Amino acid sequence: MEYKTEQESFWAGEFGNEYSQRNNDEQLLISKTALFSKVFQTTGKVDSVIEFGSNIGLNLQSIQRLLPSAELSAIEINAYAKEQLENWGGCKEIFHQSALDFDSKNQYDLSMILGVLIHINPNELPQMYKKIYESSSQWILIAESYNPTPVEVKYRGNEGKYFKRDFAGEMMALYPDLKLADYGFVYHADLNFPLDDVNWFLLKK
């Protein structure tokens, strides 16, 4: 399959396979569940969720633990991760494609992206923001590595694969009807629920 950017090919290939296999354990699932329990304290009832770049579905599995009746949908570029999503069986829909090519036919109560915008080609971010925005009927969750100004970071020895910036701030500037409803930080050395250092932002339409 041909992709528009080198980042898409990178994650669709062997590196993406290895990432999926490496990031799959019970502690990670527990930590993610703790994060979502905070998010849903603010949202109230959520009946449908779509995740951009869901990988093997640990975020969606965490949500299912908290909201067992919610309909869950996933967009995933990597074939191995997509197979794991299918084996799990918790998704109503799985879109096996690049998030940059996704064209939403529906809106979901919550549209979310976690640890994916940092790996998107910066030139494609406005288009990515548009897809996330249009997929949401009410809530948007962004959880990424934050930096007040754009900066590139070497990622496991690779150049051009990891970019930090104020993603939520940029989205709110593009779409003035978005309001910051809640935000937080998860520390890698948290004693109970560690994750990679991540800032999360819950936006409301």
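This is a predicted model: local features need pLDDT of at least 70, side-chain atom pairs count only at pLDDT 80 or more; totals for chains, interfaces and linings use all residues.
At 15% relative accessibility, Asn 55 counts as buried, and this residue sits in the loop that runs between β1 (48-52) and α4 (58-66).

- Although Asn 55 is not a glycine, its phi angle is positive, at about 55 degrees.
- Leu 114 is buried because its relative accessible area, 13%, falls under the 20% cut-off.
- When neighbours within four places in sequence are left aside, the contacts of Leu 114 are Leu 35, Phe 36, Glu 51, Asn 59, Leu 141, Ala 143 and Glu 144.

**Helix α4 against the sheet**

- Helix α4 lies across β1, β2 and β4, and it runs at about 175 degrees to β2.
- Which residues of α4 are buried? They are Leu 58, Asn 59, Leu 60, Gln 61, Ser 62 and Ile 63, and the elements that cover the buried residues of α4 include α3 (26-43), β1, β2 (71-76), α5 (79-88) and β4.

**The sheet**

- Seven strands form an open sheet with mixed pairing, and their order across it is β3-β2-β1-β4-β5-β9-β8.
- The edges of this sheet are β3 (93-96) and β8, and each of them has a single partner strand, so one side of each is left without a neighbour in the sheet.
- From one strand to the next, the twist averages 15 degrees.
- In general, the strands of a sheet pair through backbone hydrogen bonds, and this pairing may be either parallel or antiparallel.
- Strands β8 and β9 pair in the antiparallel sense over seven bridges; in β9, Phe 201 is the bridge partner of Tyr 183, and Val 198 is the bridge partner of Val 186.
- Strands β5 and β9 also run antiparallel, joined by six bridges, and here the bridge partner of Trp 139 is Lys 204 in β9.
- Strand β9 is largely enclosed by the rest of the structure, because five of its seven residues are buried.

**The nonpolar cores**

- The largest nonpolar core has 30 residues, of which Phe 40, Val 49, Ile 63, Leu 110, Met 112, Leu 141 and Trp 200 touch the most other members.
- Two or more residues of this core come from each of α3, α4, β2, α5, β4, β5 (136-144) and β9 (198-204), and the largest share, six residues, is given by α3.
- Apart from this core lies another one, of 28 residues, which has Phe 102, Ile 142, Tyr 162 and Ala 168 among its members.
- Which residues does Trp 200 touch, not counting those up to four places away in sequence? They are Leu 35, Lys 38, Val 39, Leu 141, Ile 142, Ala 143, Asp 182, Tyr 183, Gly 184, Phe 185 and Val 186.

**Aromatic rings**

- The count of aromatic pairs in the model comes to eight.
- One of these is the stacked pair of Tyr 133 and Tyr 175, whose ring centres are 4.0 Å apart and whose planes make an angle of 10 degrees.
- Tyr 133 lies in helix α6 (residues 125-135), while Tyr 175 lies in the loop between α7 (167-174) and β8 (179-186), so the pair ties together parts that are 42 residues apart in sequence.
- Tyr 133 is buried, with a relative accessible area of 16%, and Tyr 175 is buried as well, with a relative accessible area of 17%.
- Lys 205 lies over the face of Tyr 133, at 4.0 Å from the ring centre.
- Elsewhere, ring pairs link Phe 52, Phe 95 and Phe 102 into a cluster.

Technical notes:
Residues are numbered from 1 along each chain as its sequence is written. Side-chain values use heavy atoms; hydrogens and water are left out. Helices (H or I, at least four residues) and strands (E, at least two) are DSSP runs, numbered from the N terminus. Buried means under 20% relative accessible area, exposed over 50%, partly exposed in between (1.4 Å probe, protein chains only). Contact means heavy atoms within 4.5 Å. Rings of Phe, Tyr and Trp (its six-membered ring) pair if their centres lie within 6.5 Å; planes under 30 degrees apart count as stacked, over 60 as edge-to-face and the rest as tilted. A charge sits over a ring if NZ of Lys or CZ of Arg is within 6 Å of the ring centre and within 35 degrees of the ring normal. A nonpolar core is a set of buried Ala, Val, Leu, Ile, Met, Phe, Trp, Tyr and Cys residues joined through side-chain atoms within 4.5 Å. Two strands pair if DSSP finds at least two bridges between them. Axes are lines fitted to C-alpha atoms, for helices over the stretch in contact, and angles run from 0 to 180 degrees between N-to-C directions.
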